[in-house]
Amino acid sequence: IGDCVQFESLYPHRIRITGRTQLYINAFGEELMISNAENALARTCNECNCSVSDFTVAPVFMELGRKGYHRWAIEFSNPPKDIEFFTSLLDRNIAHFNSDYAAKRLGNATMERLEIVSLPHGTFYKWMESRGKAGGQNKVPRLYGNMKFIDELVAL
């Protein structure tokens, strides 16, 4: 049905739903799942004493001799005091929760450090509204396979 699960125990059988199969990015072999992204973001916000109201992530593919990376479009409800520190810490926290990401980032093997585009308050709501997706039954796509959504958000 499209859910990703993690076995908590075999006896008794216990599973935990960790996300949806379409909520992942695997552009460089990093296999970033939504649970990895959300856990890393929550830990980073906690460590930086900040909060996020919305975010989405997409890969930026390799070009002109530059390695690929992830671009995060984030709307902060309480921004971090140092966005550069926040970015580095988020990158490390993703590696903590995802060994495939860590391997691709080790020495910038196939991926560079992620990039954050900080968006003004209300940007995600305006974007969802412009797509006819405003309201509680519609969710912001958190992980997406290309830059389409981030480009639309930045254009607003």
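How many helices and strands make up the secondary structure of the chain? The chain has 5 helices and 7 strands, taken as DSSP runs numbered from the N terminus (helices H or I, at least four residues; strands E, at least two). The model is predicted, so that local features need pLDDT of at least 70 and side-chain atom pairs count only at pLDDT 80 or more, whereas totals for chains, interfaces and linings use all residues. Residues are numbered from 1 along each chain as its sequence is written, and side-chain values use heavy atoms, with hydrogens and water left out.

Along the sequence, the elements follow the order β-β-β-β-α-β-β-α-α-β-α-α. The radius of gyration, taken over C-alpha atoms, is 16 Å, close to the 15 Å given for 156 residues by the globule rule (2.2 Å times the number of residues to the power 0.38); the chain is therefore as compact as a globular protein of that length. Of the 156 residues, 40% are buried (under 20% relative accessible area, 1.4 Å probe, protein chains only).

Leaving aside residues up to four places away in sequence, L41 is in contact (heavy atoms within 4.5 Å) with V52, F55, W72, I74, F86 and L90.

Key: Buried means under 20% relative accessible area, exposed over 50%, partly exposed in between (1.4 Å probe, protein chains only).
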